[in-house]
Amino acid sequence: MSSESIRRIYVTGHRNPDIDSLAAAYALAELRRRQGIGPITAICPGMLPERAAWLFRRFRLRPPSVRNDGYLRIRDIVETVPVIAAGTTLLDAVKLLRESGLQRLPVVDSGHRLLGMLSPVALLAQLLNLGSADESDLAGRRIHSSIRLITGVLEAENLSGIDSAATQDFNVYVAAMSLERFEEHIPRDHDHLAIIVGDRPEIHLRALHHRIRLLIVTGSQPVDPLILKEAAAHGMAVLQTSLDSAAVIRRLKFSTPVEYGGFAADEPVLSPDDRIRDQRPVILNSAADVLPVADRDGRCLGAVFKRSLSAAPPYRIIMVDHNEPDQSLPGIEEIPVIEVVDHHRIGMLPTATPIRFTGDVVGSTCTLVAAMFRSAGERLSPELAGLLLGGIISDTLLLKSPTTAALDRRMCEWLEKLSGVSGAELMAELLQIDSPLAGKPADEVISSDCKNYTDGDLRFALAQVEESNLELLHQRHDELAAAMHRRIETEKLDFFGLLVTDVVRENSELLAIGRDDLIRALPYKQLDHQLFFLPGVLSRKKQMLPQLLAITASLRDRN
C-alpha cells in the first residue's frame, strides 16, 4: 500500500489507559508528525482517567480522542460513486451507467436518500417483464412517464405548448389503421392515451375530437395550425419528432423516470457504522459486486466493492506502553502495526514486514519518548515537556518505584528544566486529584454514574466508579450502604448495586442492597455482608446487567 492510500496512523496505548500511556502516545504522535510521518493521531483507548484529563488541562493540551475499539468499519472502505437523481429518464440513466464503467449505480431522491440501485440486469428484467398484467413489459402498451420527459427522450418539439412534468401512466397506440378501425381500437380512457401517428390529418383531427392526452407526430410531419390551437385550448399535448414510429416506440419505454425502472427486492444496504467483519458474509454472498452505503437517515454515502475486502486496511497502528494484542483495543489485530515503543516484556505477534521497535528496561514509556525527542534534536515545548514529566513521575511513583532506571532520572531532570515544573511539585498536584471514594460524599459517589432499569414490575439501579484501591470501598461500606438505602426508599427500587472497578487488576467488587431474593441469586463470591467479588468484570452494561436481567426474569417466572 502506498503512503497516499494510508488515510491515518493511530498511536495508542493499552486499554484502560493510564497517564504514562496517554502522554507517551500524544508526544510520539507529535514527534512523528514533525518527521513527516502522517497523517497521524493519538487516541485514548477507553475512558480518559480523571488524573490524565487534569494533566492535559494543566499544560493546556487537548487530550487524545476516546476510541472504544479498533475494528475496521464500512466507512473505512466506502467509495464515492456517481449517483442518478430521481426523475432522470431511463435513457439518460443508462448513459450514466455506461459512462461510469460500473455494474450498478445508486438512485437518490432530492434529499440524496437512497431509493435503490440501477443495473442493466434490473433494467432488463423490468423491460422484459413479458406477460405482466398491466402491460408494462417491453412489448406492452403501458409506460409511466411525463410529457416533459417524453419530449426530451424523443428529441421532440412541443407544438401545442402543453408541457407537464407530472408523471402518469400512458397507454400507447400507433395509428397505422383506417379511421374506422382507429375509432374501434382505441379505449375510452382518453386521459391516458398517447397516439403515435405520421402525416395523417384525419387522425390528428380525430385525436383532437376525443381530447386524448398526447399526440406524437413522427417524421417531422406538419400539423394543421387550427388543430394546434384547439389542442392548446383543450389540454392536448402535441409533440413533433424527426424519429420514425419504430424509433419512437423503442424510445418511449426509456422515458420512464429511473425510480420506476425496477430495483432488486431485499437489496442489502450497508451502514457506515457496521463492522466489516460482521458484513463480510453479506458482501461476499451478494450477487452484486457493488453494495450501497447509507446513513441512519437513508442518505446515500457511496458504495462498497467486493474487491475492497481483499485490499490492505487504510490505517496503521503505533503501539506505546504495550505490545501484546490482548492489551490493546478490541479489533486492533485488523490493523497492521508499524512501530512499538514499550518498556514491558515482548509478547507481540509476528509482523508481516519489519517494524520499528524501541524498548528498554526503564520505568516509564514517556522516558523513551523524551529520549527520542532529544536524540532527534526536536524541541520540546514547556507544555509537552510537562506532559511527559507527568507520565514519568506517575509511572515511577516519583522515581521511587523499583522499576526506575538511570535514564528515567536523566529525562526527568531534563524535562523539569524545559517545563519549569519540578517532578515533586507536579506529583503533589496529581495526588490532589483523588479517587471518588477518597474524596466525594457517599450520595455523590452513588449518583455520579448511575443508571436506572425496569424489567417488568422490578426496578433497580446500577452505579459504577473506578478505583485503584478497593480497600476504600470496605472502609466506607456502612456510609455507602446507608446512602443506597435512602435511594431505594426515595425511588421505590427493588435493588441498588454499586460496582467498584479496579481497571488495573481488571476486577470489581459489588456493594448490593435490596430484596433478599435478588441478592441471594447473585452469581458472585460473597466477601462480606452485602459485598461481592466479581473477577474479570469491568463493564456494567455488557457483563453485569445481563446477569441481573436473567435474575429478574427467573423471579418473574416463579411468580
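**A sheet and its surroundings**

Author: Start with an open sheet of 6 strands, ordered S18-S19-S20-S21-S23-S22, with mixed pairing. Two strands pair if DSSP finds at least two bridges between them. Strands (E, at least two residues) and helices (H or I, at least four) are DSSP runs, numbered from the N terminus. The model is predicted, so local features need pLDDT of at least 70 and side-chain atom pairs count only at pLDDT 80 or more, while totals for chains, interfaces and linings use all residues. Residues are numbered from 1 along each chain as its sequence is written, and side-chain values use heavy atoms, with hydrogens and water left out.

Strands S19 (residues 458–466) and S20 (residues 495–502) run parallel and are joined by 7 bridges. Leu462 has Gly497 in S20 as its bridge partner. Helix H18 (residues 477–491) lies across S18, S19, S20 and strand S21 (507–514), at about 50° to S21. Contact here means heavy atoms within 4.5 Å.

Next comes another open sheet. Its 6 strands follow the order S7-S9-S10-S11-S12-S8, and the pairing is mixed. Strand S7 (142–145) and strand S8 (157–158) are at the edges with a single partner strand each, so one side of each lacks a neighbour in the sheet. S10 (residues 193–197) and S11 (residues 214–217) pair in the parallel sense over 4 bridges. Ile195 is opposite Leu215 in S11. Helix H9 (residues 245–252) lies across S7, strand S9 (168–174), S10 and S11, and runs at about 150° to S10. Arg211 sits in the loop between helix H7 (201–210) and S11. Arg211 is not a glycine, yet its phi is positive, about 55°.

Helices also meet each other. The axes of H11 (residues 365–376) and H12 (residues 382–395) come within 8 Å and cross at roughly 145°. H11 brings Cys366, Thr367, Val369, Ala370 and Phe373 to the contact, and H12 brings Leu384, Leu388, Gly391 and Ile392. By class, these residues are 7 nonpolar, 2 polar and no charged. Ala, Val, Leu, Ile, Met, Phe, Trp, Tyr, Cys and Pro count as nonpolar, Asp, Glu, Lys and Arg as charged, and the others, Gly among them, as polar.

The structure holds 1 cavity of 30 Å³ or more. On a 1 Å grid over the protein atoms alone, a cavity is a set of points where a 1.4 Å probe fits but cannot get out, and lining residues have an atom within 4 Å of a point. Points are joined across faces, edges and corners, and a volume is the space filled by probe spheres set on them. The largest cavity has about 30 Å³ of space. Its lining is Tyr10, Ile43, Arg67, Asp69, Gly70, Ile317, Ile332 and Ile335. That makes 5 nonpolar, 1 polar and 2 charged residues.

Technical notes
Axes are lines fitted to C-alpha atoms, for helices over the stretch in contact, and angles run from 0 to 180 degrees between N-to-C directions. On a 1 Å grid over the protein atoms alone, a cavity is a set of points where a 1.4 Å probe fits but cannot get out, and a pocket is an open set with protein on both sides within 12 Å along at least five of seven lines; lining residues have an atom within 4 Å of a point.
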